[in-house]
Amino acid sequence: MAKPEIINFDNINYAIYKVGTWKNHYEINQIGLSREIPVTKATLHHVKLSMEEIRKSEFDIDNKTVNGFVAIALQLNPKIQKMDLDDVIALEQKEYESILEELDNLELLSDDGSVSLDTEDYLIFKLEKECHVTNSIPANLHTKKYYVDELKRIEKSLS
């Protein structure tokens, strides 16, 4: 029988999360709409970089320049589409600050630890760089099943 692959917690090629809930409620920030909570420093770093990249993206909507989170929310969330654009921009800023505070206060696993790729205790994604985009690919069956179910849940919550 093959020995299961072991993933070190400091491996920047993997993102490791636990399923949980955020302290605050979020409408715009996709990180906060998910139930995936980072559990390693490498994953936390990746999440923060992803948020920064989305926020750096600029879109012109109603003669205003908005960041990627605002633009995505306006495209996907009917509740946000009904709001005044200035209110959406303000809400995104408030959510961004709240999610950063939550991320900065997470209890993380020690960098010198490891986990079997076969685990069902954590969600594990393999990170693959394609041009300037990082793709998160479920690294085991447990994560793949969760990922499919989570996409359905998020889609339903935006309807």
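How many helices and how many strands does the secondary structure of the chain come to? The chain has six helices and eight strands, where helices (H or I, at least four residues) and strands (E, at least two) are DSSP runs numbered from the N terminus. The model is predicted, so that local features need a pLDDT of at least 70 and side-chain atom pairs count only at pLDDT 80 or more, while totals for chains, interfaces and linings use all residues. Residues are numbered from 1 along each chain as its sequence is written, and side-chain values use heavy atoms, with hydrogens and water left out.

Read from the N terminus, the elements follow the order β-β-α-β-α-β-β-α-α-α-β-β-β-α. The radius of gyration of the chain is 17 Å, close to the 15 Å that the globule rule gives for 159 residues, so the chain is as compact as a globular protein of that length. This radius is taken over C-alpha atoms, and the globule rule is 2.2 Å times the number of residues to the power 0.38. Along its principal axes, the C-alpha trace spans about 60 × 35 × 30 Å.

Of the 159 residues in the chain, 36% are buried. Buried means under 20% relative accessible area, exposed means over 50%, and partly exposed lies in between (1.4 Å probe, protein chains only). A contact means heavy atoms within 4.5 Å. Among contacts between residues at least 6 apart in sequence, 55% join residues at least 24 apart.

Attention may now turn to helix 3. This helix covers residues 68–76, and its buried residues are G68, F69, V70, A71, A73 and L74. They pack against several elements, including helix 1 (30–33), helix 2 (41–56), strand 4 (58–61) and helix 5. At the start of helix 3, a side-chain oxygen of N67 reaches to within 2.9 Å of the backbone nitrogen of F69.

N67 itself is found in strand 5 (residues 64–67). With a relative accessible area of 13%, N67 is buried. Its side chain makes a polar contact with the side chain of E92 at 3.0 Å. A polar contact is a pair of N or O atoms within 3.5 Å; within protein, one must be able to donate a hydrogen and the other to accept it, and residues adjacent in sequence count only if both atoms are side-chain atoms. Not counting residues up to four places away in sequence, N67 touches I54, R55, S57, F59 and E92.

Helix 5 (residues 85–104) contains S98. Leaving aside neighbours within four places in sequence, S98 is in contact with N24 and Y26. S98 and G68 are 30 residues apart in sequence, and their C-alpha atoms are 17 Å apart in space.

Is E150 buried or exposed? At 3% relative accessibility, E150 counts as buried. A polar atom of its side chain lies 3.1 Å from the backbone nitrogen of R35. Beyond its neighbours within four places in sequence, E150 is in contact with L33, S34, R35 and E36.

A139 is found in the loop between strand 8 (133–138) and helix 6. A relative accessible area of 23% makes A139 partly exposed. A139 touches Y14, L117, I124, F125 and K126, not counting residues up to four places away in sequence. The C-alpha atoms of A139 and L127, twelve residues apart along the chain, are separated by 9.1 Å.
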